[in-house]
Amino acid sequence: MRTHALRMVHMAKASHIGSALSICDILAVLYGRIMRLDPGHPGWPERDRFILSKGHACVAVYAALAERGFISHEALQTYGKDHSILMNHISHKVAGVEFSTGSLGHGLPFGVGKALAAKRRQQSWRTFVQLSDGELDEGSNWEAVMFAAHHGLDNLVAIVDYNKLQSLTTVEKTLRIEPLMDKFAAFGCAVQELDGHDHDALYRSLSSTPWKAGKPNVLIANTTKGKGVSFMEDSVAWHYKSPSAEQLEQALKELGDA
């Protein structure tokens, strides 16, 4: 998934590779081991729903969809090109994508609505929402969390990509969000925290929801922005930069796919 993401961003001269690399392990566990999906029938009514609220990290999801068979690997080569459905922010035109996102703070409210619909229809599918840490600056997320707790939406799983960098600097310098676990708990959620690159820990956590009956699940996943590529890791510059041909070659070598 990381090599797909790197190639797409390089080819399209696009941005947000650091944000995509930080969630690849989370997506690998979700799409590979957790979510109920049918690539042959993307609209299967019993499917679990996944919402990428940080829509700028779309190349990671496109890569996951290709690996699961929702779209072809060849389609990834069209990313960011004119008339391509693989847009630079995630699009519902792509098979397996539930909702187009880009403006931060929209994905969780939408996911909460999905979870409420499943509860009221007495259906067993779950809703997973991938959030960024920086977008927790948006008040719409906290309204959505309060609503989810009020309605006992324990079929909702919100995952925070806590890489601690946003846009131009650190989350801490932009707008402090700590104590994050305490805040979600105070809003009525069941909260866990773990290493967002540890596949076994992610699987144990995500396969055991709901963690507490009647409470929305919030997983704080500590991650590294640019994970897997030494010169991109923990570097805010790669929120916007696109790798050159030489940098792409180096990154692919580090990932063992040169």
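Okay, let's start with the largest pocket, which has a volume of about 190 Å³. Before going on: this is a predicted model, where local features need pLDDT of at least 70 and side-chain atom pairs count only at pLDDT 80 or more, while totals for chains, interfaces and linings use all residues. Residues are numbered from 1 along each chain as its sequence is written, and side-chain values use heavy atoms, with hydrogens and water left out.

For the terms, we put a 1 Å grid over the protein atoms alone; a cavity is a set of points where a 1.4 Å probe fits but cannot get out, and a pocket is an open set with protein on both sides within 12 Å along at least five of seven lines. Lining residues have an atom within 4 Å of a point. Points are joined across faces, edges and corners, and a volume is the space filled by probe spheres set on them.

So who lines that pocket? There are 19 lining residues, and H56, L104, S132, S167 and H239 lie nearest the centre. By class, that's two nonpolar, 11 polar and six charged. Here Ala, Val, Leu, Ile, Met, Phe, Trp, Tyr, Cys and Pro are nonpolar, Asp, Glu, Lys and Arg are charged, and the others, Gly among them, are polar.

Now the cavity side. Strand 1 (residues 49–52) gives the largest share, three residues. Helices (H or I, at least four residues) and strands (E, at least two) are DSSP runs, numbered from the N terminus.

On to the cores. A nonpolar core is a set of buried Ala, Val, Leu, Ile, Met, Phe, Trp, Tyr and Cys residues joined through side-chain atoms within 4.5 Å. Buried means under 20% relative accessible area, exposed over 50%, and partly exposed in between (1.4 Å probe, protein chains only). The largest core has 55 residues, and L30, Y31, F50 and Y62 touch the most other members. Helix 4 (residues 58–68) gives the most to this core, nine residues. There's also a second, separate core of 25 residues, including L108 and L156.

Take L30: beyond its neighbours within four places in sequence, it is in contact (heavy atoms within 4.5 Å) with M35, F50, F128, I159 and L206. L30 is also one of the buried residues of helix 3, where eight of 11 residues are buried.

Last, the backbone. Most residues other than glycine have a negative phi, and most peptide bonds are trans. Which bonds here are cis? E178 to P179 is cis, with omega about 0°, and so is T209 to P210, with omega near 0°. P179 is in the loop between helix 7 (171–174) and helix 8 (180–186).

Then the positive phi values. Q122 has one of about 55° and is not a glycine, and Q122 is exposed, at 75% relative accessible area. D234 also has a positive phi of about 55°, and D234 counts as exposed at 54%.
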